[in-house]
Amino acid sequence: MVDGFPERRWRRWQTIFRCPVPRSRGVASYYTMYNKEKVGKHHIEVCHNVSCMVFGADDLIHHIEHRLGIAAGETTADGLFTLNRAECLGACCNPVPIQVGGTYYEDIKTTAQVDALLDELRNKPGDTTPQALIGDLKAI
Amino acid sequence: MSEQPQLLYKNRYVPGIKYLDTYVAHGGYDSFKKALAMEPDAIINEVKVSGLRGRGGAGFPTHIKWSAVPKNRDVEHYLVINADEGEPGTAKDRDLMNFLPHLLVEGCLCSMMALRSSKCYIYIRGEYIAPWKAVQHAINEAYKAGLLRQERSRIGAGFRYLYTPRSRGV
C-alpha cells in the first residue's frame with residue numbers, strides 16, 4: 001500500500017462492507033503495516049524497542065530526523081524517504097535493525113553507518129517496497 | 001563460546017540445507033518417517049523421553065503441551081504455529097526459518113502426527129519477508145515430493161502482510 005488509502009477507497013469500503021468510514025479507519029489504524037498515508041519511495045523504519053534502545057536507537061532516529069529534516073512519521077518533501085519508529089522488528093540478535101521497505105539492514109550502531117545507508121538508498125534506482133521483494137513465489 | 005552440543009542447528013552451515021535434497025541427504029525427514037509408523041501416544045512418549053522443551057523463556061516441556069490436547073473428540077484440531085516473535089529480545093525463530101525451513105516443516109508434520117491433526121497454519125509476521133519466502137519454498141518442495149498429502153495434511157504458511165497486529169508497544 002505505497003499509495004496509502006485515498007479517500008475514495010474508504011468510501012468504497014463503506015459500500016462494500018456496510019461499515020461507516022470512521023469504523024474502518026479505526027480498524028486500519030490498529031495495524032502498523034497498513035500505510036494510511038502515502039509513503040516515500042524508501043520507507044525507513046527504525047526499531048526502538050528495548051534491546052535496540054539500549055544500543056542507541058534513539059540517537060540514530062534523531063540523527064536521521066536531523067539529516068532528512070523531518071520528524072518520525074513524516075515524509076520528505078521530495079517524496080523519497082519516510083521515517084517511522086518501529087516496535088520490535090524481531091532482530092534483537094543484531095541491534096539496531098533498520099527496515100527499508102522489506103529489507104533488513106542490521107547491526108547498525110553508528111551514525112556513520114546510517115549516513116552510508118541513506119546515501120546508498122538515495123542512489124538506488126528502484127523502490128524497495130515489500131511487494132517488489134515478494135516476487136512470484138506463491139503457495140501451491 | 002563454550003562448547004555445547006548443537007542439536008537444532010547441527011546442520012546450520014551445510015551449504016544448500018534449505019533445499020529438500022540436501023536436507024534429506026543429511027538425515028532430514030527421517031523423524032517424520034519414524035513418526036508415521038508410530039501411534040500418536042508413542043510419539044508423545046518418545047518426545048517425553050527425549051526431554052524436548054520449548055524455546056521460549058519458560059522452557060515448557062513439549063510432551064505436556066501435546067498431552068493437553070483431548071484425544072477423544074469429534075471435532076477437528078488444528079496445529080497453529082506462532083512465528084511472530086513479537087516479544088523483544090527473543091529473536092530465535094528467524095534463523096530457524098531462514099536457514100533450516102525444512103526442520104520447521106518436519107517438526108510440524110511430527111506434531112501433527114502426535115496431535116492427530118491434519119491441518120497446520122504457520123503464522124509469520126509481516127516484516128519477515130525472507131523467512132516467509134524460505135518457509136513457503138520449503139512447503140512447496142515438500143508438497144512436490146509428496147511428503148504432504150493434499151487430502152490428509154495441508155500446511156499453509158499464512159503471510160502476515162494483510163493483517164498485521166501491532167505489538168502494542170510492549
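This is a predicted model: local features need pLDDT of at least 70, side-chain atom pairs count only at pLDDT 80 or more; totals for chains, interfaces and linings use all residues.
**View 1. The largest nonpolar core.** This core counts 65 residues, and A:Ile44, A:Ile98, B:Tyr29 and B:Ile122 have the most contacts inside it. The top contributor is helix H6 of chain B (residues 101-115), which puts in nine residues.

View 2. S1 (residues 42-47) and S3 (residues 98-100) of chain A pair in the antiparallel sense over three bridges, and A:Ile44 stands opposite A:Val100 in S3(A). Beyond its sequence neighbours, A:Ile44 has contacts that include A:Phe81, A:Leu83, A:Ile98, A:Leu118 and A:Leu121.

**View 3. Two tryptophans on one helix.** A:Trp10 and A:Trp13 sit three residues apart in helix H1 of chain A (residues 7-17), about one turn of the helix. With ring centres 5.4 Å apart and planes at 90°, the pair is edge-to-face. A:Trp10 is buried at 3% relative accessibility, while A:Trp13 is partly exposed at 23%. The charged end of A:Arg25 sits over the A:Trp10 ring, 4.8 Å from its centre.

**View 4. A tyrosine pair between chains.** The rings of A:Tyr104 and B:Tyr128 are tilted, because their planes are at 55°, with centres 6.4 Å apart. A:Tyr104 belongs to strand S4 of chain A, and B:Tyr128 to the loop between strand S2 (119-124) and helix H7 (129-144) of chain B. Both tyrosines, A:Tyr104 and B:Tyr128, are buried.

Methods: Residues are numbered from 1 along each chain as its sequence is written. Chains are lettered from A and ligands numbered from 1 in the order in which they are written. Side-chain values use heavy atoms; hydrogens and water are left out. A nonpolar core is a set of buried Ala, Val, Leu, Ile, Met, Phe, Trp, Tyr and Cys residues joined through side-chain atoms within 4.5 Å. Buried means under 20% relative accessible area, exposed over 50%, partly exposed in between (1.4 Å probe, protein chains only). Helices (H or I, at least four residues) and strands (E, at least two) are DSSP runs, numbered from the N terminus. Contact means heavy atoms within 4.5 Å. Two strands pair if DSSP finds at least two bridges between them. Rings of Phe, Tyr and Trp (its six-membered ring) pair if their centres lie within 6.5 Å; planes under 30 degrees apart count as stacked, over 60 as edge-to-face and the rest as tilted. A charge sits over a ring if NZ of Lys or CZ of Arg is within 6 Å of the ring centre and within 35 degrees of the ring normal. Lists of a residue's contacts leave out its neighbours within four places in sequence.
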